[in-house]
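Reader: I am new to this structure and would like to learn how to read a few of its features. Could you take me through them one at a time, with the general idea first?

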Amino acid sequence: MTADRAVTVHSARIVVPMTAPPIADGAVAVRDGRILHVGDRSWVVDQLVAAGTAFTERRWRGALLPGLVNAHTHLQYTGMAGVGQRQYDGFEDWAAAFNGDYAEPHDWRAEAAAGAEQSILAGVTSIADVVTDIEAATALETHGLGGIAYWEVMDWENAAWQTHGRDQVLAELERFPTTPAAGLSPHAPYSLDVAPLLELPDIVRQRGLRLHLHLGEAAFEGERVALGPVPGLEGVDGVGHGTDWHLANAPSFRAMRALGFGASATAFVDRLGVLGPDCHIAHGVYVTAADRALLRARGTAVALCPRSNAVIGLDPPPVADYLREGSPIAIGTDSLSSSPSLDLMADVTALHRIARSQGYGHRNLHGRLLTAATLGGAHAMGLAVGPDRVGHLAVGARADLAVFDVDARTVPDAMAELVEDGAGRAVATVVRGVVRAADRALTPNPVEEP
């Protein structure tokens, strides 16, 4: 049997497929970087023996899950960890510290590579990576990770966009790597005027790419209610849901607010056609029930980043509402410029604590949060289906696996242990069938150039 046709059986005391019930004493058979069988270990072995298929087995201690999917981060800011280790009094306070560090010399390629390595050690196999400087754009490809690298677009006003901004972004897209996949990230509704926010989704959709933006992260993006007439707009009073800000021809979100309109940033970008099933947002903290309903109606998932919100000094995300209402959620670490680590399980634990404090008492919380950290992230990026699907353990899916050291013997206890105290427990990471980390150390990467 040739090496590329070899079968490896990864077995563990508990296997959690995400699209099927957890399996006690389960196994995943892998061949050619894809999953061949999933089920009880004895059944998987019997299938291989009956087919006359030779195999080797790796028996892992603990729980075996799909590789984690970090649905929002900026790997290039890994070298800015000094910013993320502090505590701030709000978005503007944090932004001042971030801008000061960002202006210092950085090797963005090397820092993004370090972030990719930290991610692999934490059990992450696919990433939504927002790239601001082109040197950092190859981190996913170089490290053999799945996901999407999103080219960030920000700070364009209408006039500049129309004269040269559109052409500049199109030229940048030509230089941007397409492996494993590419997308665009219109930074936020407050950093782009209406013209680029209208056209960027068209640019993406004409090319079959995807969108990812920050939304509802800063408090000023939340809905406001005006208490008096809107200057310059006769007859507009008591601005709220009943008044259409769009008729005022506001050139930007900030201009809309200056005119006295109180629509949320979510409603603003929705009116411009940004949201949709090919788009997911990050943070989603300052959103109303109506905003969340809009996201569901458009098929737009949200990547929750609770530890980043806490560092910046923002409110926690309304995770209990998202869960009760059936909103599609994923989980992101954000970057080390606003988070203590790239360990996604630490954010899972933070979301568990927040959900309980917000009154979410359903017994399905453990399962739903693990799903958000795997299948939810894959769904957010459109990677949960298709020939290169990730986020769940199923026949034909890409063989991306993560193993976590848990002591519990029963499935419910193991799930609880992992969700409530999962940080630092990743002991192995398998990407496309290749063990990339074991015993908390990286193994050679066959994708990297010598």
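**Reading salt bridges, a buried histidine and a helix**

Reader: Which residue forms a salt bridge with Arg61?

Author: A salt bridge is a side-chain nitrogen of Lys or Arg within 4 Å of a carboxyl oxygen of Asp or Glu. Here Arg61 forms one with Asp407, and their closest N and O atoms are 2.6 Å apart. This pair links distant parts of the chain, since Arg61 is in strand β4 while Asp407 is in the loop between β13 (401-404) and α15 (411-420), 346 residues apart. Please keep in mind that this is a predicted model, in which local features need pLDDT of at least 70 and side-chain atom pairs count only at pLDDT 80 or more, whereas totals for chains, interfaces and linings use all residues. Residues are numbered from 1 along each chain as its sequence is written, and side-chain values use heavy atoms, with hydrogens and water left out.

Reader: How many salt bridges does a search of the whole structure find?

Author: The search finds 18. One of them joins Asp25 and Arg59, with the closest N and O atoms 3.1 Å apart. Another is formed by the side chains of Arg296 and Glu325, at 3.1 Å from N to O. Arg296 belongs to helix α10 (residues 289-298) and Glu325 to helix α12 (residues 319-325), so parts 29 residues apart in sequence are tied together.

Reader: Is His283 buried or exposed, and with which side chain does the side chain of His283 make a polar contact?

Author: His283, in strand β10 (residues 279-283), is buried, with a relative accessible area of 0%. A polar contact is a pair of N or O atoms within 3.5 Å; within protein, one must be able to donate a hydrogen and the other to accept it, and residues adjacent in sequence count only if both atoms are side-chain atoms. The side chain of His283 makes such a contact with the side chain of Asp334, at 3.2 Å. If contact is taken as heavy atoms within 4.5 Å, and residues up to four places away in sequence are not counted, His283 touches several residues, including His72, His214, Glu217 and Cys305.

Reader: Which residues of helix α3 are buried, and why do they lie on the same side?

Author: An α-helix has 3.6 residues a turn, so residues three or four places apart point the same way. In α3 (residues 91-102), the buried residues are Phe91, Trp94, Ala95, Ala97 and Phe98. They cover an arc of only 165° around the axis (taken from the directions from the helix axis to the C-beta atoms), which puts them on the same side of α3. The face turned away from that buried side carries the exposed residues Glu92 and Ala96, while the buried residues pack against α2 (81-84) and α11 (306-312).

Notes
Helix = DSSP H or I, 4+ residues; strand = E, 2+ residues; numbered from the N terminus. Buried < 20%, exposed > 50% of the residue type's maximum accessible area, 1.4 Å probe, protein only. Expected span 1.5 Å × (residues − 1).
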